[in-house]
Amino acid sequence: MATSEDAAHTAESTAGPETPAQQKGRVRLKRTALMAVPAVVAGAVLMTLTAQGVLAAQFSISGMPFTVTAESLDGVGFEQFGSLDHMIEDSPNAGDTGGQVLVAVSAIKEASLTKLCQSVELGGINLLIKAGDAGTPVTATNLTTDSDVLTGDAEFTNIEIGGDASTYTKAGVKGLPGVFGQQADTVKIRNLRQHNYASTAAAFKLPNLHLSFSSEGC
């Protein structure tokens, strides 16, 4: 019996290649979705930022997502807003995304994380990194992370929601003009879990670092 996925695939095959107008329509749709990304969907969180296109111009994502978990995250200077991450042209990981991934962008000026775990699936085996689990937390400055899914129990102080991301100052970065965002003096997240496409930091200290391969991820 044909599934709805089969039917969609058949419809795509018979429809033929998209016209330039259709392709432009898809780009406009993505831009519209970007403008609507609400901060509450992110629930709190980290994220890589494309600050005024600086990172976007230098950082093409692989398109392979990775998982990050932490028992707790404490941050000073927090910003968050939507963005689009881009892969290289004809990336083998593009799939049906067109080489673009809609993400929630967060930036934290100073962050500490306890019991950090990061894993990426590599063809049936996971590259696993753990740190900050022996009494000394992981610390980072100017930390950014691009996520399309994140969960946890979040708490903010002096939060501002709905501002233009290009006017933000609390994490020292700026988003694109007209993009919806939020910023706060501090952020606390317990039981953090992220599905990320990129992460950067000016400084990243990983006490008790342990790298291994595992059949299971974080």
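**Note on the predicted model**

1. Cys-218 is partly exposed, with a relative accessible area of 23%, where buried stands for under 20%, exposed for over 50% and partly exposed for what lies in between, computed with a 1.4 Å probe on protein chains only. The residue sits in the segment after β9, the strand of residues 210-214. Leaving aside neighbours within four places in sequence, Cys-218 is in contact with Thr-67, Thr-69, Cys-117, Gln-118, Ser-119, Leu-128 and Arg-193, contact being a case of heavy atoms within 4.5 Å. Between the C-alpha atoms of Cys-218 and Ile-129 the distance in space is 8.9 Å, although 89 residues separate the two in sequence.

2. On the basis of this note: the model is predicted, so that local features need a pLDDT of at least 70 and side-chain atom pairs count only at pLDDT 80 or more, while totals for chains, interfaces and linings use all residues. Residues are numbered from 1 along each chain as its sequence is written, and side-chain values use heavy atoms, with hydrogens and water left out.

3. As to the overall layout, the protein chain has four helices and nine strands, and from the N terminus on its elements run α-α-α-α-β-β-β-β-β-β-β-β-β. These elements are DSSP runs numbered from the N terminus, helices being H or I with at least four residues and strands being E with at least two. Of the 218 residues in the protein chain, 37% are buried. Among the contacts in the chain with a separation of 6 or more, 82% are between residues 24 or more positions apart.

4. How many aromatic pairs does a search of the whole structure find? The search finds one, formed by Phe-78 and Phe-156, whose rings are 5.4 Å apart centre to centre with 45 degrees between the planes, a geometry classed as tilted. Because Phe-78 lies in strand β1 (residues 66-86) and Phe-156 in strand β5 (residues 138-157), the pair ties together parts that are 78 residues apart in sequence. For the terms, rings of Phe, Tyr and Trp (its six-membered ring) pair if their centres lie within 6.5 Å, and planes under 30 degrees apart count as stacked, over 60 as edge-to-face and the rest as tilted. Phe-78 is buried at a relative accessible area of 0%, whereas Phe-156 is partly exposed at 24%.

5. At least two residues of the lining come from each of β1, β3 (116-122), β5 and β7 (180-200), and β7 gives the largest share, six residues. By residue class the lining divides into 15 nonpolar, seven polar and no charged, with Ala, Val, Leu, Ile, Met, Phe, Trp, Tyr, Cys and Pro taken as nonpolar, Asp, Glu, Lys and Arg as charged, and the others, Gly among them, as polar.

6. Asn-196 is found in strand β7 and counts as buried at 1% relative accessibility. Its side chain and that of Ser-147 are joined by a polar contact of 2.5 Å, that is, a pair of N or O atoms within 3.5 Å of which, within protein, one must be able to donate a hydrogen and the other to accept it, residues adjacent in sequence counting only if both atoms are side-chain atoms. Not counting residues up to four places away in sequence, Asn-196 touches Pro-65, Phe-66, Val-68, Thr-145, Asp-146 and Ser-147.

7. Phe-180 is likewise found in strand β7 and counts as partly exposed at 28% relative accessibility. Its C-alpha atom is separated by 6.1 Å from that of Phe-81, 99 residues apart along the chain. Ile-161, placed in strand β6 (residues 160-164), is in contact with Phe-180, Gly-181 and Gln-182, neighbours within four places in sequence aside.

8. Two backbone angles may be checked by eye. Lys-115, in the loop between β2 (100-114) and β3, has a phi near 55 degrees, a positive value in a residue other than glycine, and is partly exposed at 45%. Asn-191, placed in strand β7, has a positive phi near 55 degrees and is exposed, with a relative accessible area of 52%.
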